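Trainee: I'm new to reading structures like this one. Could you walk me through it, one feature at a time?

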Amino acid sequence: MTSSSMPEVGEVGRRAAEILDKMQAHPAYGRLQSSSMKYSTCWATFTGYPAISRWSLERDAAPLLGEALRVLALKAAVFELCGGDEHAAELLVPAPVDEMIHAVLAQFTLMTHLQRDLGVTFPHATELEEFTYTRGGITDAYYAAAGWGEQPLRYWLDSAEVNRRLGLLNERYQAAGLGRDGRSHDFDFDRNEPVGAGVSG
């Protein structure tokens with residue numbers, strides 16, 4: 001979700017680049033990297049990372065983390081330049097990058113220390129999220145203005161393409177006995193019986 005009045009592109013780009021540089025120079029940055037990627041081995045949705053073609057945690061975790069940190073810096077810059085406007089700061093981003101953002105923000109203590117030491121806020125409000133990212137919007141303009149080069153299109157997927165891929169994945173999930181988006185199943189682990197393919201939702 002974005003506000004009707006967004007800060008100037010160049011300002012956001014410059015400030016986001018500064019914030020990311022300061023994050024990477026912080027003594028706890030290495031720990032933030034390792035803990036965020038470790039988090040993804042014990043929890044992942046069926047609708048974020050798997051939308052990436054030939055998804056591999058070992059191959060994709062590090063570059064996805066880089067993209068997540070860039071987006072967090074962009075959101076922090078917008079939040080600061082808009083005087084704390086959460087709506088404006090909730091930039092539209094693709095589902096795979098958003099999932100890694102959640103993994104970073106799950107490192108609550110580290111992120112709290114970073115916010116205190118850097119004097120910035122990394123905003124995130126689940127109720128304000130919208131999964132309608134399309135190429136060429138304000139998020140892309142801010143990213144380019146930060147000087148980070150071309151976005152890796154492997155991860156920066158339009159929402160329409162994500163939805164298409166999730167439709168294909170859901171066919172596979174349901175064939176394996178999982179409900180839509182992997183949100184349910186009818187497996188009974190307490191009964192010694194063959195697992196059926198039927199699902200409740």
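**How the helices pack**

Mentor: Let's begin with a pair of helices: H3 and H7 pack with their axes 11 Å apart, at an angle of about 100°. That makes H3 roughly perpendicular to H7. Keep in mind that this is a predicted model.

Trainee: Which residues make the contact between H3 and H7?

Mentor: From H3 it's Glu67, Arg70, Leu74 and Val78, and from H7 it's Thr139, Tyr142 and Tyr143.

Trainee: And how do H1 and H7 cross?

Mentor: The axes of H1 and H7 come within 7 Å and cross at roughly 55°. That angle makes H1 oblique to H7. As for the hand, the crossing of H1 and H7 is right-handed. On the H1 side, Val9, Gly10, Val12, Gly13 and Arg14 make the contact, and on the H7 side, Ile138, Ala141, Tyr142 and Ala145 do.

Trainee: Can we zoom in on one residue there? Where is alanine 145 found, and what is it in contact with beyond its neighbours within four places in sequence?

Mentor: Alanine 145 is found in helix H7. Leaving aside those neighbours, alanine 145 is in contact with Val9, Gly10, Gly13 and Arg14. Look at alanine 145 and glycine 10: they're 135 residues apart in sequence, yet their C-alpha atoms are 5.6 Å apart in space. Alanine 145 is partly exposed, with a relative accessible area of 32%.

**Which side is covered**

Trainee: Next, burial. Which residues of helix H7 are buried?

Mentor: A residue counts as buried when its relative accessible area is under 20%. In H7, which runs over residues 138-145, the buried ones are Thr139, Asp140, Tyr142 and Tyr143. They cover an arc of only 160° around the axis, so they sit on the same side of H7.

Trainee: What covers the buried residues of H7?

Mentor: The cover includes helix H1 (9-25) and helix H3 (57-81). And just after H7, have a look at glycine 147, which takes a positive phi of about 80°.

Trainee: How many residues of H5 are buried?

Mentor: H5 is mostly covered, with 10 of its 11 residues buried. Among them are Val97, Met100, Ile101, Val104 and Leu105, along with Asp98 and Glu99.

Trainee: Let me try a single residue again. Is serine 159 buried or exposed?

Mentor: Serine 159 counts as buried, at 16% relative accessibility. Its place is in helix H8. Setting aside neighbours within four places in sequence, serine 159 is in contact with Phe131, Thr132, Tyr133 and Thr134.

**Finding salt bridges**

Trainee: What about charged side chains? How many salt bridges does the structure hold?

Mentor: First, the general idea: side chains of opposite charge can pair when their charged atoms come close. This structure holds 11 salt bridges. One of them joins glutamate 80 and arginine 15, whose closest N and O atoms are 2.7 Å apart. Glutamate 80 lies in helix H3 and arginine 15 in helix H1, so the pair ties together parts that are 65 residues apart in sequence.

Trainee: Is arginine 15 buried or exposed?

Mentor: Arginine 15 counts as buried, at 14% relative accessibility. Glutamate 80, for its part, is partly exposed, with a relative accessible area of 36%. There's also a network of salt bridges here, linking Arg15, Glu18 and Glu80.

Methods:
Residues numbered from 1 in each chain as written. Predicted model: local features only at pLDDT ≥ 70, side-chain atom pairs only at ≥ 80, totals over all residues. Heavy atoms only, no water. Buried < 20%, exposed > 50% of the residue type's maximum accessible area, 1.4 Å probe, protein only. Helix = DSSP H or I, 4+ residues; strand = E, 2+ residues; numbered from the N terminus. Arc of directions from axis to C-beta. Contact = heavy atoms within 4.5 Å. Salt bridge = Lys/Arg side-chain N within 4 Å of Asp/Glu carboxyl O. Axes fitted to C-alpha atoms, helices over the stretch in contact; angles between N-to-C directions. Parallel < 35°, antiparallel > 145°, perpendicular 65-115°, else oblique. Left-handed = near helix turned anticlockwise from the far one by under 90°.
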